[in-house]
Amino acid sequence: MVAHKGGGACASPSSQNNEIAIPIQWPEAAEAISRAAASRPGLVVAICGPKNSGKSTFSRFLLNTLLQRYRRVAYLDTDVGQPEFSPPGSMSLHIVDEVIEDLSNSSVRAPERSFFFGDISSKRDPEAYLNCVYNLYDHFVTHFRKNGSEDNRGSVLPLIINTPGWVKGTGFDILVEIMRYVSPSVVVQLRISLQRKNLPTGAFWLEGEEPTGLLDLIDIESAQQDLLHRSVLVKKDARFFRGSLISEYFRQCFTSDISISTNKELAFALASIPPYQVPFSRVTVKHLHHKVPADEILHSLNATIVGLAVSSDRPTRANSYPWCIGLGIIRGIDVSRGLLYVITPVPIQSLQKVDILLQGLIEIPTRLLQVHGCVSPYMCTNVVHTISHKDLLES
């Protein structure tokens, strides 16, 4: 087991983003990991720390560093509240082959595999959450390790795992389970000046056991620091962050030649786009974190974000969620015709395979619902306000 403790003052702002001051220890840690990846094929790097400590920023910085040596880098995102490349409520595995230009913001990218967990925290169903993490990691191992998948430089893809910032109580127990399952070869801890919020030092997940292989432990400080090198936590507007990712995801419904630069323009565009028609008979609704009476299912679906899944495409682990191929907005329901009206960027060829709608607790951002001068279709003309039990049975 090798431990590193970084130090030093903040370096000049990153050339990639002038708003972020990258501490000197960050490039040192990233280069050390890159060298370790070269000497130890199959490197797994877990990044952990409390909320607002800079995990996502450092993970992007490390990703860029590794891409200087590798053509592709695997990235496993387990943070359902503030994911890196997927909409909130999602957990995903990505194979990244291009540098992240903006270190300060997340961006939506097509995943290798994804789950729609349907909540911004694992606390409602830790067992299901862990199953999703295990399945994503198993998929990576099966398809990018056991099959000998290598990049064009003959090196096995390194894996970065970004973990949630909930590190106390049940959150800590969940993190321990993740770490024990993936057995990382490098663990980077982001630490802040308020010590009681930090994780325990050392290999906390091993509970005194010796690691099965060579393990590097690297402690680095939060990016935000004052002149005394104390962490200055800037509380993120989590709701705004999640709304931005959802808006970016559904902006993919439109081609790049259509100019959409404001929330108002996006709201108008989504309100006017023709939705897909999905027959009730073609889909099964699965409620992820709540129970809904049979005569209230359509009421509960209307004006919600759902995960689009295919029943025949499931992980091998028992009692797992099906893989998710994308998200959709249920923008209207026509009981008389037995149709759901769905907005989604998922191509029609893939959408035709969908037979499960996963309903969680992820909401349409208010910025897409409350826009001056825009009559939102989610709340008026296509909404059926009275749906009887008889209608449901007939549909």
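The protein chain in this predicted model exposes about 18100 Å² of surface, and carbon and sulfur atoms supply 50% of that area. Of the 395 residues in the chain, 54% are buried. The secondary structure consists of 9 helices and 16 strands.

The largest of them has 70 residues, and Tyr129, Leu159, Phe250 and Leu340 have the most contacts inside it. Helix H3 gives the most to this core, with 11 residues. A second core of 30 residues is separate, and it includes Ile33, Phe61, Val73 and Ala223.

Leu159 can be followed in detail. Leaving aside residues up to four places away in sequence, Leu159 touches Leu43, Val44 and Val45, as well as Ala74, Tyr75 and Leu76. The list of residues that Leu159 touches also includes Leu93, Tyr137, Phe140 and Arg145.

Helix H6, residues 263-272, has its own set of buried residues: Leu266, Ala267, Ala269, Leu270 and Ala271. What do the buried residues of H6 pack against? Their partners are helix H5 (238-250), strand E14 and strand E15 (339-343).

Aromatic rings are the next topic. A pair of such rings is described by the distance of the centres and the angle of the planes. In the whole structure, a search finds 12 aromatic pairs. One of the pairs is formed by Phe115 and Trp323. Why does this pair count as stacked? The ring centres are 4.4 Å apart and the planes meet at 25°, so the pair of Phe115 and Trp323 is stacked, since planes under 30 degrees apart count as stacked. Phe115 belongs to strand E7 (residues 113-116), while Trp323 is in the loop between strand E13 (305-309) and strand E14 (324-334); the pair therefore ties together parts that are 208 residues apart in sequence. Phe115 is buried, with a relative accessible area of 0%. Trp323 is buried too, at 5%.

Tyr134 and Tyr181 form another stacked pair, with 4.1 Å from centre to centre and 20° between the planes. This pair also links distant parts of the chain, as Tyr134 lies in helix H3 (residues 126-146) and Tyr181 in helix H4 (residues 170-182), 47 residues apart. Are these two residues buried or partly exposed? Tyr134 has a relative accessible area of 11% and is buried, because buried means under 20%. Tyr181, with a relative accessible area of 30%, is partly exposed.

Rings can also be joined into a group: ring pairs link Trp26, Phe58 and Phe61 into a cluster. Phe61 is also among the residues of the second core.

The charged end of Lys123 sits over the ring of Trp166, 5.5 Å from the ring centre. Arg367 lies over the face of Phe240, at 4.6 Å from the centre of that ring.

The last stop is Ile364, found in the loop between strand E16 (356-359) and helix H9 (389-394). Is Ile364 buried or exposed? Ile364 has 7% relative accessibility, so this loop residue counts as buried. Ile364 and Gly243 are 121 residues apart in sequence, yet their C-alpha atoms are 7.8 Å apart in space.

Key. Residues numbered from 1 in each chain as written. Predicted model: local features only at pLDDT ≥ 70, side-chain atom pairs only at ≥ 80, totals over all residues. Heavy atoms only, no water. Phe/Tyr/Trp six-rings, centres within 6.5 Å; stacked < 30°, edge-to-face > 60°. Helix = DSSP H or I, 4+ residues; strand = E, 2+ residues; numbered from the N terminus. Buried < 20%, exposed > 50% of the residue type's maximum accessible area, 1.4 Å probe, protein only. Lys NZ or Arg CZ within 6 Å of the ring centre and 35° of its normal. Contact = heavy atoms within 4.5 Å. Areas by Shrake-Rupley, 256 points an atom, 1.4 Å probe, with all protein chains shown as cover. Core = buried A, V, L, I, M, F, W, Y, C linked by side-chain atoms within 4.5 Å.
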